[in-house]
Amino acid sequence: MSSKALLAALLAPLAAGALVAQPAAPASGRYEGRLCVATGTASAECGPAAVTVRSAKDMRVQVADIVYRLALHSSQLDVVLMHGAMQIDGFTANYDWEGRALVFNDPDKPVRYRIEIDPKPR
């Protein structure tokens, strides 16, 4: 076996595992969820949230009358925070999926977000 073939045979399981290990957004639909927000070194405060997945790249997370509009790209997301028709914040951040939880940090403030999405749509 050539060295190229041997290397390919050794790396194939790793590549396959990497493809499987990367979770993605849930299917389109409405979900119960939980939004956890931590500032500075404080522990996260969590509460119920209504999560609407419009597509793998477009989500809405609503807590009372505040809506987080999330536009997901390959490694970053755009966050627009709305109170009714008024935009109250917006930023772009790196994100990661941890199982069914979307995790990201505000790059300009010491704020960490975790959006946990229930497995079954409402």
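**A close look**

Modeller: Let's start with Arg-60, which is found in strand S3, residues 58-63. Helices (H or I, at least four residues) and strands (E, at least two) are DSSP runs, numbered from the N terminus. Before we go further, please keep in mind that this is a predicted model, where local features need pLDDT of at least 70 and side-chain atom pairs count only at pLDDT 80 or more, while totals for chains, interfaces and linings use all residues. Residues are numbered from 1 along each chain as its sequence is written, and side-chain values use heavy atoms, with hydrogens and water left out.

Is Arg-60 buried or exposed? Its relative accessibility is 18%, so Arg-60 counts as buried. Buried means under 20% relative accessible area, exposed means over 50%, and partly exposed is in between (1.4 Å probe, protein chains only). The side chain of Arg-60 has a polar contact of 2.6 Å with the side chain of Asp-58. A polar contact is a pair of N or O atoms within 3.5 Å; within protein, one must be able to donate a hydrogen and the other to accept it, and residues adjacent in sequence count only if both atoms are side-chain atoms.

Which residues does Arg-60 touch, not counting those up to four places away in sequence? They are Ala-50, Val-51, Thr-52, Arg-54, Val-67, Tyr-68, Arg-69 and Leu-70. Contact here means heavy atoms within 4.5 Å.

Leu-70 leads us on to the nonpolar core. A nonpolar core is a set of buried Ala, Val, Leu, Ile, Met, Phe, Trp, Tyr and Cys residues joined through side-chain atoms within 4.5 Å. The largest one has 24 residues, and Met-59, Leu-70, Leu-102, Phe-104 and Ile-115 touch the most other members. Two or more residues of this core come from each of S1, S2, S3, strand S4 (66-72), S5, S6, S7 and strand S8 (111-121). Leaving out residues up to four places away in sequence, Ile-115 touches Arg-34, Leu-35, Val-51, Val-61, Leu-70, Arg-100, Ala-101, Leu-102 and Phe-104.

Ala-64 is found in the loop between S3 and S4. Its relative accessible area is 65%, so Ala-64 is exposed. The phi of Ala-64 is near 55°, a positive value in a residue other than glycine.

Now for some strand pairs. Two strands pair if DSSP finds at least two bridges between them. Strand S5 (residues 76-83) and strand S6 (residues 86-98) run antiparallel and are joined by 8 bridges. S5 and S6 form a hairpin with 2 residues between them, and Gly-84 in the turn has a positive phi of about 65°. S6 also pairs with strand S7 (residues 101-106) in the antiparallel sense, over 4 bridges. There, Trp-97 has Leu-102 in S7 as its bridge partner. The hairpin of S6 and S7 has 2 residues between the strands, and Gly-99 takes a positive phi near 65°.

Strand S7 holds Asp-106 too. Asp-106 is buried, at a relative accessible area of 5%, and its side chain makes a polar contact with the side chain of Lys-109 at 3.2 Å.

What about disulfides? A disulfide is a pair of cysteine sulfur atoms within 2.5 Å, and a search of the whole structure finds 1. Cys-36 and Cys-46 form it, with their sulfur atoms 2.0 Å apart. Cys-36 lies in strand S1 (residues 29-39) and Cys-46 in strand S2 (residues 45-55), so the pair ties together parts that are 10 residues apart in sequence. Cys-36 counts as buried at 4% relative accessibility, whereas Cys-46, at 37%, counts as partly exposed.

Finally, a word on confidence. The mean pLDDT of the protein is 87, and 81% of its residues reach 70 or more; pLDDT is the predictor's confidence in each residue, from 0 to 100. Where pLDDT is low, the predicted coordinates should not be read in detail.
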